[in-house]
Amino acid sequence: MLAAKNISKQYGQTKALDQAELSMKPGEIRALLGSNGSGKSTIAKVLGGLVGKNQGEITIDGEPIQLGSAKDALARGIALAYQDYSLVDQLTVEENLFLNPKEAIKKGFIDHKERSDKTLRILEQFHISAKPETYVSSLDESDKSLLEVAKALVYKPKYLILDEVTACLHRDQVLILFDILRKEKEEGLSILFISHRFDEVYELCETVTIFRNGKTVITTDLNKVTHDDIVYYMTGQKEAMKKQHQKKCASDQKEPLLSIRNLGVGCQVDDVSLKLYPGEILGICGLQGQGQSEFLRAVYGSKKISRGSITYRGKQLGKLSPERSLKSGMAFISGDRGSEGIFADRSIFENINISRGALRFIFRGIRLKESKSKADELIQRLNVVIGETSDPASSLSGGNQQKLIFARDLLLDLSVLLLDDPTKGVDVKARSEIQEILKELADKGMACIYYSSDYKELTAVADRIVVFYEGNITKEFCDISDEIESDLAAAMLGATRTEAK
Amino acid sequence: MQILTHLANKMKKSQAFGAYIMLVLLVIINLLIQGKGFANVSSINSLFLVNTPLILATVAQAVMIFCGGIDLSIGATISVVNAFAIVAGQHVPVPIAWLGAFLIAVLLGAAKGGIVAYLRVPPILVTFAISTLLEGLALLILPKPGGSIPSSIYSVYGGVFAGFIPISALVIVLVLIGFGIVNRRPLGAQIKAAGANQRSLFIAGVNVERTKLKAYIISGVITGIAGLCLTALASSGDPKIGNALSLNSIAAAILGGVDLSGGWGTVGGAAAGALFLGVVNNVIFYVFNNVIHSSTLMGIKLSYLQQLLTNIIIILGLSSSLLAHLKKGQKRRKQANEIKNVG
């Protein structure tokens, strides 16, 4: 049994873990739940030897162990699959799986035949459509996620920690993975499953540990707690997702703000036509990779459009670029904060003012005092939890970083906001706050196109929902209520299409 | 025939495919221009003879770039090896002097690697500082050009094996086989992982610092051999003899399809890139000496344009290999999309 007791870890001023406790038993699949910033990933990294702990003790079968590096952890039989992958893009599948091999080695030299046989078997087991000598960079996200798990299993661990590995997987791949995990469990493997998806947790796990603010709140059997209990333990408050829909359906609107005709982008977006009216939140629903991300980027101008036209405020747009879009009041917010949103090393103040500054003529000054007071005002209004405005943005949690990006765009007098899964990896509380901000903005006449990977979020906030499937809009919902959720789920899987056939 | 198609397939998959194609094209052009003047043993021999130091320096540079580094001091290291081998050769038996010079290169590799890996100083700074230091050291050992080596060494290095294989080419082959042995071990992939994604290597339970140190030592060994080859070629000492090789080897490595951001490329490609530089010089030299002579155009003596033309060709080669890289990225992404669509 692997047990972590009283683990504390501090990053600068932030306490990531505060006397956290966690244990893993052989032959058991345990879920680890918690909102963002609750320390789930941190404890995983501590157990994987990736970061050191400040306090506490880790024991295996009662015997205290030291984990100074990933090497130590692997030697103790603890392996991790990371949400942000630990694969080397420039190497092949087999080189990645056997980067530090204990098998397929003869007198210090690689036994190429054995290695490729073993790799083939693993690829088959996980249903990954790749050859052993395929470079990892050419795999898509879902295959990479599976490969990440496969790589952890190659070390034949006794304790396996999976950090949000299902986030990019299709449903059928999830089932394949779960089958493999159950089989490994039967053979005595102990698995810790970290996830945001409650359904999957209920499907796979027997016991659950819940973290809040770096502390362990409860460890219990899953069948003893309901969905609502879990949300309560995670947030410390009852789920409060209020819905107040002002009925404004598309048909009785006059002039569309943005109208898109027959838009195509490469092979990802086929033929999409859309109209967006002022004050409307238009939800886009769809599985990952159905073209919605490319569509939003194309409208914003950061991706080239291949076909079709975009009319904005009655004028057809010629050349599209992010700069032009921002100047004309159209902004884009990505859920991928790290690479498309935040400047992690720069200060909070700079992060808020970057777009505003960039859109001005180069010699036109910015009034520091005015900018500062505006920034402070926005931080207050959006309820961003910060230390000082001069702290680096990386000192904030994911949800607060996302709110910071909202603040950046709110400085610009927007009329259209394009959102690509902005609440990805954001905890429940910050999520509902972001939704409140959106509704408030929509009431003032701003229009939104909002893609979310979670359709429950869309039914909570959107006035109208369109479903993307394989680069096309396959269905449109005007009347939004809880009842359409099952229809949405079906439409996402392309069900309407098969019915038509 | 079957072997040929197998070879062609393997080449196509190679990360240095573009470099091989460029080299073959250039050789064909050269053959068309020079004909028998190029395709004979003595001219091939002299081509390898002159270019072996650069080729080996490029291979050493490539190993460095694989693990995420870059070495601006390869040239100065080679100068020190040359100066030491010549000066020590006057006091102790020549083999011992040469062995000493070789060991100095290996130690310097270890020192650079140690500073980069354990003190975490960016490699470009470390090697730039060390290169200045070594340039001074070479001048200290051998203040002005001079000295000589036993003529037997030059005649062996300049000779041919089995009637048509240049000994210098054999040295290159031996070095490539040596690195091939490293590549057959897990270390090969680990070095590339250290350059491409250190965190992954650490997560796999490999000591990243030690891997980098090993790569730098391997690079030092190859640099040492390059220095001795240059000494054999020059048959004398010159404290500035190798200095130009630092930047040339980087250019040659890029020509050979090595990605400066680390983790991508092959040593064979790097060698082909360096040979490409050598053949460009060869063909331009021939054209200017035999075709253009001292003709003038609009009052400009055309032979003055030799350097210019050489470098224009090199720039074209560099941009084409960078373009190939971009295209490969696109192709990889396209493949990914196709897989996605099928799935």
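**Helix packing and the A–B contact**

Biologist: Which residues in H15(A) meet Gly399(A), Gln402(A), Lys403(A) and Phe406(A) in H14(A)?

Modeller: The model is predicted; local features need pLDDT of at least 70, side-chain atom pairs count only at pLDDT 80 or more, and totals for chains, interfaces and linings use all residues. Residues are numbered from 1 along each chain as its sequence is written, while chains are lettered from A and ligands numbered from 1 in the order written. Contact here means C-beta atoms, placed from the backbone, within 7 Å. On the H15(A) side, the partners are Ala430(A), Ile434(A) and Ile437(A).

Biologist: Are H14(A) and H15(A) roughly parallel or roughly antiparallel?

Modeller: Helix H14 (residues 398–410) of chain A packs against helix H15 (residues 428–443) of chain A with axes 10 Å apart, at about 15°. Angles under 35 degrees count as roughly parallel, over 145 as roughly antiparallel, 65 to 115 as roughly perpendicular, the rest as oblique. The angle therefore makes the pair roughly parallel.

Biologist: Which element gives the most to the side of chain A that touches chain B?

Modeller: 25 residues of chain A contact 27 residues of chain B. On the chain A side, helix H2 (70–75) and strand E8 (109–110) each give two or more residues. Helices (H or I, at least four residues) and strands (E, at least two) are DSSP runs, numbered from the N terminus. With three residues, the top contributor is H2(A).

Biologist: How far apart are the centres of domain 1 and domain 2 of chain A?

Modeller: The domain assignment, automatic or from a database, gives domain 1 (2–235) and domain 2 (250–500). Taken over C-alpha atoms, their centres are separated by 32 Å.

Conventions:
Contact = placed C-beta atoms within 7 Å. Axes fitted to C-alpha atoms, helices over the stretch in contact; angles between N-to-C directions.
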